[in-house]
Amino acid sequence: MHDIRLIRDNPSAFDAALSRRHLDPVASKVLALDEARRKLILAAETAQAEANRASKDVGAAKARGDDAEFTRLRGIVAESKAQIAAMNDEAKAQDVALHDLLATLPNLPDPSIPDGKDEADNVEIRRQGSPRNFDFTPVEHYEIAGIKPGMDFETAAKLSGSRFVLLSGAVARLHRALAQFMLDLHVDEHGLTETITPVMVREEMMYGTGQLPKFGEDSYQTTNGWWLIPTAEVTLTNIVNGDTVDESTLPRRHVAHTLCFRSEAGSAGRDTSGMLRQHQFEKVEMVSITTPDASAAEHDRMTRCAETVLEKLELPYRTVVLCAGDMGAGATRTHDIEVWLPGQNAYREISSISVCGDYQARRMNARFRPAAGGKPEFVHTLNGSGLAVGRTLIAVVENGQQEDGSVDLPAVLHPYLGGKSRIDASGLLV
């Protein structure tokens, strides 16, 4: 959501910012609705003042026994009430139209991010680790001999359809170990508060973080109106929905491990093999609620939290800043972290860390009371994966694969696996 005052003050700058997302100008339409709404409100207030004066005259006419004047004035007042009600109804309709239009507009890109249309225009800001030199041709995760017994797509398709997977045995335990390792790291070393949240939310919570109204087709809704969360960003961010908190309580830093559900609308033909893109998956999500002057530093801190997971897992990665045309609708600046997948011979996204400014806070009406006094201000919200558990599993097994089909696992996971360090070629944890 956007501050209408900023659009009134500088409509050309607003349109210029949207043009960086390759969107058409919209400020004139916004301001036309705003002007019509304000004119109707003023007209209704003026008519109400006149009706109030006429009402006093009605009383005076009755007091002096002037029945004809009393009847005439009473008719004028009744007619004014009907006109005022109609103007108020029209003003409300214009207000709804303005609100609905603003609700569909994406956040404005931060001036510091690069221009561009898609991922080809993203800019790498750092790279960590070097891809391993294999003395054989590495394969994708679902083709590794030791992984195949524990990664069953056929049974999952029987149960639920395409883009689901059934994990079992060593692979299931590795998946669980990865989630536990991430949580422990973020809580013990990064100071995040572990939080267990629902995975079904009310519609206004999806609106608050920007999934609705424009992106409803990307998520699932139950028959009684709940929405299945596409990420714990929805629940963690909405903790402050409608609240005004003290500045002394900020920043609030949460982490949650949840199931996530996405319809993957519009992704037909992309990553259909394996478990890279699923309808149901698990993610360790980080969310920060902070003040405007601290959000840029918080964004960098969250990015380092996600990068540290990969470094401890000894996985090569690169970090890029997304260009304006490739960034999600709610973000003003986003860092994508891409892990090296030798089976694809490419870096693939494993985390997006975004600062949303006050965009979500305005939708949620989430504010803070400045410690120095003054009027409450909107908080800034940030979110990011720390990390997507399934994609991390893919990276671990592809980078650790051996020519005989076994997989060497990162040392940091051994304590979570009962001291075991490998998945052998038959699929056993050894």
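**Basis.** I worked from a predicted model, in which local features need pLDDT of at least 70, side-chain atom pairs count only at pLDDT 80 or more, and totals for chains, interfaces and linings use all residues. Residues are numbered from 1 along each chain as its sequence is written, and side-chain values use heavy atoms, with hydrogens and water left out.

**Overall form.** I looked up the radius of gyration, taken over C-alpha atoms, and found 28 Å, whereas a compact globule of 430 residues would have one near 22 Å; the globule rule is 2.2 Å times the number of residues to the power 0.38. Along the principal axes, the C-alpha atoms fill a box of roughly 105 × 45 × 40 Å.

For contacts (heavy atoms within 4.5 Å), I looked at pairs with a separation of 6 or more: residues 24 or more positions apart account for 71% of them.

**E140.** I placed E140 in the loop between β1 (123-128) and β2 (151-152); strands are DSSP runs of E, at least two residues, numbered from the N terminus. Leaving out residues up to four places away in sequence, I found E140 touching G343, Q344 and E398.

Terms used
Helices (H or I, at least four residues) and strands (E, at least two) are DSSP runs, numbered from the N terminus.
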